[in-house]
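These are my notes from one sitting with a single structure. I wrote down each thing as I looked it up.

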Amino acid sequence: MTENHDSVLPSSEIASRVDAAFDSLLDELAAIVAIPSVSSDPAHADDLERSAIHIRDRFAAIGLEAEVLSVDTPEGVAGKPAIVARSQRIEGAPTVLLYAHHDVQPTGDLSRWTSDPFVARIEGDRMYGRGASDDGAGVIVHLGALRALGADLPVNVIVYIEGEEEIGSPSFTNFLQTYKEKLSADVIVVADSDNWKVGEPAVTASLRGNAVATVDVTVSDHAVHSGMFGGPMLDSVTLASMLIASLYDEAGDIAVAGLGGRDAADVDWPEAEYREAAGILEGVRLAGTGDLAARTWTKPSISVIGFDARPVADASNTIAPHTRFKLSMRVVPGVDPRDAMDRLIEHLESHAPFGARVEVTPNEFGPGYQADLGSPVTRLLHEVLTEAWGHPSVNIGVGGSIPFISDFQRLFPEAQVVVTGVEDPMTNAHSEQESQSISDLRCAILAEALLLTRLPRL
């Protein structure tokens, strides 16, 4: 790519370039899906390395200087491979960092896929496959926008494709600190989030934080016969269930005091659409009060994500002395997850049923994110999303967490961070039948290309 700081392409020309390259970009996405880059499974370590090299080569092929890098975690564990690519330097132009990740979740239950999760399949407007959306599509957005602009790119670009987002980005902070000079930017664009719906783009205004804890409930020092002692003595599974139930009030709102949250959202999420996206069975009522979107984005939630108990196949007539479960608490944007954990521990210990021993072990914390909705870059992002989709973009929250964004904000305080993406409520990220809207992918590539051409005007 050659220097061309003063060139501003017409939107129609950029759109034509995206359309001309789009079929080949779909092939590129299918090639990414074909590499099982599961970061959580050591058996796929070679695949993760292969994925990094493949993506490095894709960016090198369009003229960027690209390399595969890694650093150790704070505990000294080797980090996963990441790609860093840079465009040719344009003096005086702003620098934009484009983030995505190339690692993926495990497949889950293969019987719930209608085809091989690592063979991309197109049906209608959607491409199915593990990583087709989260976050192979994010990689393709960056690749496609840069390919479309070519020598007419008017800004300096750094592409950073992480390799361990799906396991909590353990080496992320060390990576930013180690390669701070390589990654320093004026604007950071994170392409790992959602749109409001297919055909309706969005800027991510907030993300909930996360706080995870393991809870041990113990009632006795050994198992005893359920006939000899049952009645006066409750088993630990029952007591653990009572403790979990204490986390919610009769309406299904979180009963833990002091976690914050608000009941109003900027958009209306129809219940029928929510239920369809979540696959909720008929007759199952939704929990909580307030706007449905607020319950998902700006109010706290607590979910049991693991539970250790004797399997039914191994059942015996004994009272279980000990039960363990794991809680994932999604924390309101702006609330410190460590403060929220203190509130959770206080609640659990004070609600120990029938005096059972309750021990809470915090496991991990991830801060939330609150966008600067008044920043020039956010306003520009809304502008280009609206133009690319032909539909007004909206601000949405996301109930999930992207904790590393706070590291970007902390280590690059002068940079404006914006979060967008290509997922939608039907994407099934992290689940079976993951898929990506093809039409939204095309619009996202166009929007990012428009953003890059207009940033020098700010």
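**Entry 1: a pair of neighbours**

Is Arg 56 buried, partly exposed or exposed? I looked it up: Arg 56 has a relative accessible area of 26%, and that makes it partly exposed. I keep in mind that the model is a predicted one.

I then checked what the side chain of Arg 56 does. It meets the side chain of Asp 57 in a salt bridge, at 3.0 Å from N to O. Asp 57 is also listed as partly exposed, at 30% relative accessibility.

**Entry 2: other salt bridges**

How many salt bridges does the count come to? I noted 21.

I picked out the one between Asp 152 and Arg 17, where N and O are 2.9 Å apart. Asp 152 has 15% relative accessibility and counts as buried, because the cut-off for buried is under 20%. Arg 17, at 24%, is partly exposed. I also found that Arg 17 and Asp 152 are linked with Glu 13 in a network of salt bridges.

Next I looked at Asp 263. Its salt-bridge partner is Lys 299, and the closest N and O atoms are 2.9 Å apart. Asp 263 lies in the loop between helix H7 (236-245) and helix H8 (271-278), and Lys 299 in the loop between helix H9 (292-297) and strand S11 (301-308), so the two tie together parts 36 residues apart in sequence. Asp 263 is partly exposed at 41% relative accessibility, whereas Lys 299 is buried at 12%.

**Entry 3: a sheet of 3 strands**

In what order do the strands of the open sheet stand? I read it as S4-S5-S18, with antiparallel pairing. Strand S4 (121-123) and strand S18 (435-437) are at the edges and have a single partner strand each, so one side of each has no neighbour in the sheet. From one strand to the next the twist averages 25°.

I followed the pairing of S4 with strand S5 (residues 126-128). The two run antiparallel and are joined by 3 bridges. One detail I wrote down is that Glu 123 has Arg 126 in S5 as its bridge partner. As a reminder to myself, strands of a sheet pair through backbone hydrogen bonds, in either a parallel or an antiparallel way.

Which helix lies across these strands? It is helix H13 (residues 438-454), which lies across S4, S5 and S18 and runs at about 60° to S18.

**Entry 4: strand S2 and its partners**

I moved on to strand S2 (residues 82-86). It is mostly covered, with 4 of its 5 residues buried. Strand S1 (residues 65-69) pairs with S2 in the antiparallel sense over 5 bridges. S2 is also joined to S6 by 4 bridges, again antiparallel.

I used Ile 83 to see both pairings at one residue. Ile 83 in S2 is the bridge partner of Val 68, and Ile 83 also stands opposite Ile 161 in S6.

Most residues other than glycine have a negative phi, and most peptide bonds are trans.

Where is there a cis peptide bond? I found one joining Asp 134 and Asp 135, with omega about 5°. Asp 135 is placed in the loop between S5 and H3.

I then looked for a positive phi. His 430 has one, about 75°, although it is not a glycine. This residue is in the loop between strand S17 (416-423) and S18. Gln 433 is not a glycine either and has a positive phi of about 60°. I traced Gln 433 to the loop between S17 and S18.

Are His 430 and Gln 433 buried or partly exposed? His 430 is partly exposed, with a relative accessible area of 44%. Gln 433 counts as buried, at 17% relative accessibility.

Methods: Residues numbered from 1 in each chain as written. Predicted model: local features only at pLDDT ≥ 70, side-chain atom pairs only at ≥ 80, totals over all residues. Heavy atoms only, no water. Pairing = 2+ DSSP bridges. Axes fitted to C-alpha atoms, helices over the stretch in contact; angles between N-to-C directions. Contact = heavy atoms within 4.5 Å. Salt bridge = Lys/Arg side-chain N within 4 Å of Asp/Glu carboxyl O. Buried < 20%, exposed > 50% of the residue type's maximum accessible area, 1.4 Å probe, protein only.
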